[in-house]
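Reader: I am new to reading structures. Could you take one part of this model and walk me through it closely?

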Amino acid sequence: MKGVATFCRVKSAFVSKEVALPLAAEEGFTGVLESSKGSRSREDKRPGKAEGLEEFTKEELLKVDSEGRCVITDHGHFVLFNIYGPRAESDDMERIQFKLTFFKILQKRWDILLQQGRRIFVVGDLNIAPAAIDSCNPRPDFEKNKFRTWFRSLLVENGGDFFDVFRAKHPGRREAYTHWPQNTGAEEFNYGSRIDHILGAGSCLHEDDSQRGHNFLNCHVKECDIMMQFKRWRPGNSPRWKGGRNIKLEGSDHVPVYMSLVEIPDVMQHTTPSLSARYAPEVRGFQQTIVSVLMKREEAKQVKTHEVSSSFSEENIKVGSCIDIPDEHRIDSSNDPAHTNTTAFGSDHVNSIPDKEIRKKARQSQWSQLTMQSFFQKKSRSAIIHDHSQSDHSLNETIMDDPERNRPEQSELNNCTSTQDQVVLNTSCSSEAEKSNFALLEWQRIQQLMQSSIPLCKGHHEQCVARVVKKEGPNFGRRFYVCARAEGPASNPESNCGYFKWAASKPRGKR
């Protein structure tokens with residue numbers, strides 16, 4: 001399933017005389033879709049074939065209209081067809097026939113409307129580059145393609161009713177493209193095609209439109225151009241990696257085409273058509289403008305930031321201190337000479353607590369909660385040594401104050417225990433270090449093996465990038481290597497050199 005949508009920027013979507021707000025709307029272009037009844041009168045809610053399509057069966061119409069490729073809106077002075085044309089590979093006969101039927105039915109609709117004196121605009125991605133000037137790499141038989149031939153037959157200069165609005169305004173402009181291949185980085189060298197169009201047909205809105213040169217294009221189209229500022233690639237934003245360029249670009253592989261109209265009078269007062277998304281149960285009562293959504297999100301972000309900053313202020317958090325510890329965790333050490341050492345954190349002074357169990361409880365309490373950032377920071381070696389020296393100092397003072405601990409036998413036992421603990425600790429640390437070093441060396445070996453298995457392209461002697469065949473066929477799922485540089489003209493040595501090599505492995509089931 002595909003899908004298209006027409007967004008209308010109006011001052012009021014409830015009651016308006018603006019041309020931008022449609023008087024009626026229709027989903028699809030055959031009239032047989034259930035949702036197309038939104039454009040019909042209240043007396044006739046049953047879907048049926050649109051006028052002029054009697055030669056087609058209902059099954060044929062449903063087949064071409066079930067992919068969501070067209071939305072029609074009636075704006076009073078003209079009817080707008082928003083289209084996403086189907087794509088068909090040269091060897092896919094089923095899709096080629098589908099595409100032929102799709103445009104044949106569309107042309108039938110256009111002919112009927114033009115016979116009724118209506119004006120028509122066709123906008124969208126038609127997936128057709130009409131002439132050689134509209135392609136970066138046209139072959140000798142490029143313009144003989146049946147879809148390009150059909151497209152050009154629609155134009156006024158070939159006896160048709162439509163203007164190619166962009167080409168009419170810019171007849172000789174070259175390299176004016178609207179689409180670039182998705183995964184080849186071709187935008188860097190503007191290696192694309194013009195397949196997004198605005199077509200217009202019909203008379204102008206002046207009372208005397210019979211004068212020479214009077215038509216909708218000449219009288220009401222102020223300008224039409226391609227919005228290149230929305231290209232994914234811009235000079236300087238092509239990051240490099242070891243061995244080549246990173247040709248993956250985020251965003252759409254198309255850019256918009258715009259047209260501005262002048263001297264378009266208002267229409268009768270009307271409201272939003274019933275097919276509008278604002279009446280859909282999923283969004284009714286909740287639909288908002290894009291601007292309002294972004295504004296609210298920004299406000300929420302600011303509020304959240306303020307709450308976080310307030311909760312993590314210096315007054316509420318004292319990292320490593322024991323301020324405001326509950327009474328049951330407090331120790332009165334004023335009379336104990338073993339607890340006279342103090343540790344200062346900023347301007348606050350608190351008594352140090354040598355007891356490990358009490359310090360653990362203090363760390364776990366909400367009054368000494370650390371920041372999120374502190375959990376991801378490694379503790380410096382100097383801090384660890386400092387903490388150990390403080391603990392040893394407190395421990396030594398405690399031992400000196402205990403007469404039982406000062407006996408020679410007890411002292412010798414303590415020293416022996418400490419020595420054994422130190423040996424175990426050193427052995428454990430050594431084992432962990434060896435494991436870490438082994439893992440690091442093994443990972444480096446794997447990386448070197450992977451790098452050495454990637455071939456170099458012949459044109460630039462740079463590492464290639466791996467691809468996988470996604471098209472159904474005997475090679476489906478098979479890996480291959482290609483030049484990592486962006487696709488461009490063969491005359492440009494900086495562009496893709498065209499190198500190709502199959503990987504050694506074959507897809508599963510093909511061995």
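Author: Start with a term. Two strands pair if DSSP finds at least two bridges between them. Now apply it. E4 and E6 are joined by six bridges, and the two strands run antiparallel. Keep in mind that this is a predicted model.

Here is the setting. The chain holds nine helices and 15 strands. It has 511 residues, and 31% of them count as buried. Take the contacts between residues at least 6 apart in sequence: 65% of these join residues at least 24 apart.

Now the sheet. Six strands make up an open sheet. Read across, their order is E1-E2-E3-E4-E6-E5. The pairing is mixed. Strand E1 (24-27) and strand E5 (163-164) are the edge strands. Each of these pairs on one side only.

Look at E6 next, residues 196-201. Another partner is E5. E5 and E6 pair in the antiparallel sense, over two bridges. Phe 163 stands opposite Gly 200 in E6. Asp 164 stands opposite Leu 199 in E6.

How many residues of E6 are buried? Six of the six are, so E6 is largely enclosed by the rest of the structure. Buried here means under 20% relative accessible area. On one side sit Asp 196, Ile 198 and Gly 200. On the other sit His 197, Leu 199 and Ala 201. Both faces are covered.

What lies across the sheet strands? Helix H2 does. It lies across E1, strand E2 (70-74), strand E3 (79-84), strand E4 (120-125) and E6. Relative to E3, H2 runs at about 175°.

After H2 comes Gly 117, with a positive phi near 85°.

Which residues of H2 are buried? Among them are Ile 96, Phe 98, Phe 102, Phe 103, Ile 105 and Leu 106. Further along, Trp 110, Ile 112 and Leu 113 are buried too. The list also includes Lys 99, Thr 101 and Arg 109. The buried residues of H2 pack against E1, helix H1 (58-65), E2, E3, E4 and H3.

Take that last partner. H2 (residues 93-115) and helix H3 (residues 146-153) pack at an angle of about 10°. Their axes are 11 Å apart. Angles under 35 degrees count as roughly parallel. H2 and H3 are therefore roughly parallel to each other. From H2, the contact uses Ile 96, Lys 99, Leu 100, Phe 103, Gln 107 and Trp 110. From H3, it uses Lys 146, Phe 147 and Trp 150. The residues of this contact divide into six nonpolar, one polar and two charged.

Finish with a residue from another strand. Leu 261 is found in strand E10 (residues 257-261). Is Leu 261 buried or partly exposed? Its relative accessible area is 30%, so Leu 261 is partly exposed. Leaving out residues up to four places away in sequence, Leu 261 touches Phe 78, Phe 121, Phe 216, His 220 and Val 221. Look at one of these partners. Phe 216 is 45 residues from Leu 261 along the chain, and their C-alpha atoms are separated by 9.6 Å.

How values were computed:
Residues numbered from 1 in each chain as written. Predicted model: local features only at pLDDT ≥ 70, side-chain atom pairs only at ≥ 80, totals over all residues. Heavy atoms only, no water. Axes fitted to C-alpha atoms, helices over the stretch in contact; angles between N-to-C directions. Helix = DSSP H or I, 4+ residues; strand = E, 2+ residues; numbered from the N terminus. Parallel < 35°, antiparallel > 145°, perpendicular 65-115°, else oblique. Contact = heavy atoms within 4.5 Å. Nonpolar A, V, L, I, M, F, W, Y, C, P; charged D, E, K, R; others polar. Buried < 20%, exposed > 50% of the residue type's maximum accessible area, 1.4 Å probe, protein only.
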